[in-house]
Amino acid sequence: QVHFVESGGGLVQPGGSLRLSCAASGFNFRDYGMSWYRQAPGKERELVATFSSEGSGTNYADSVKGRFTTSRDTAKNTVYLQLNSLKPEDTAVYYCRAIVRSTIYWGHGTQVTVSS
């Protein structure tokens, strides 16, 4: 059974940093690309970053380019999202997602709040 556990969210001041983690289980992690999404209050869920199974070809939303970075640890079946230079508009629930055997799986989300 595909399952994700996200962690690393919290309250941070503008300009601060966080690292989100998404631990995956139930599928061969290295065979699938993964994505990070976020959803702010009153807004639709939006794509933040997506990367291929080979770990190359990462794409970022324009709003986070140069500030957010993805990485993965295949030994731990975990992907990370490093959030730097955070802004109040980055406040949202962040989700990891994968499409495994034609089925979309979402994590439960982790809250990031950027506020002074």
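I begin with a term: I call a residue buried when its relative accessible area is under 20%, exposed when that area is over 50%, and partly exposed in between, with a 1.4 Å probe and protein chains only. I take strands from DSSP runs of E of at least two residues, and helices from runs of H or I of at least four, numbered from the N terminus.

What I am reading is a predicted model, in which local features need pLDDT of at least 70 and side-chain atom pairs count only at pLDDT 80 or more, while totals for chains, interfaces and linings use all residues. Residues are numbered from 1 along each chain as its sequence is written, and side-chain values use heavy atoms, with hydrogens and water left out.

**Entry 1: strand β9**

I looked up β9 and noted that eight of its nine residues are buried, so this strand is largely enclosed by the rest of the structure. For pairing I used the rule that DSSP must find at least two bridges between two strands. β9 runs antiparallel to β4, with five bridges between them, and here W36 stands opposite C96. β9 is also joined to β11 by three bridges, again antiparallel, with V93 facing Q111 of β11. In the hairpin of β9 and β10, two residues lie between the strands, and R101 takes a positive phi near 50 degrees.

**Entry 2: the nonpolar core**

I then turned to the nonpolar core, meaning a set of buried Ala, Val, Leu, Ile, Met, Phe, Trp, Tyr and Cys residues joined through side-chain atoms within 4.5 Å. The largest such core holds 30 residues, and F4, F27, M34, W36 and Y94 have the most contacts inside it. Two or more residues each come from β3 (18–25), β4 (34–39), β5 (46–51), β8 (78–83), β9 (92–100) and β11 (110–114). Of the elements, β9 gives the most, namely five residues.

I followed two of these residues further. W36 sits in strand β4 and is buried at 0% relative accessibility; its C-alpha atom is separated by 13 Å from that of I104, which is 68 residues away along the chain. For Y94 I listed contacts, that is, heavy atoms within 4.5 Å. Leaving aside neighbours within four places in sequence, the partners of Y94 include E6, L20, Y37, R38, V48, F68 and L81, and also G109, T110 and V112.

**Entry 3: the open sheet**

Next I traced an open sheet of four strands, ordered β1-β3-β8-β7 with antiparallel pairing. Its edge strands, β1 (3–7) and β7 (68–73), each pair on one side only. I noted that β3 and β8 are joined antiparallel by six bridges, and that A23 stands opposite T78 of β8.

**Entry 4: D90**

Is D90 buried or exposed? I found that D90, in the loop between β8 and β9, is buried, with a relative accessible area of 1%. I counted a polar contact as a pair of N or O atoms within 3.5 Å, where within protein one must be able to donate a hydrogen and the other to accept it, and where residues adjacent in sequence count only if both atoms are side-chain atoms. The side chains of D90 and R67 make such a contact at 2.7 Å, and a polar side-chain atom of D90 lies 2.8 Å from the backbone nitrogen of K87. Not counting residues up to four places away in sequence, D90 touches R38, R67, F68, S85, V112 and V114.
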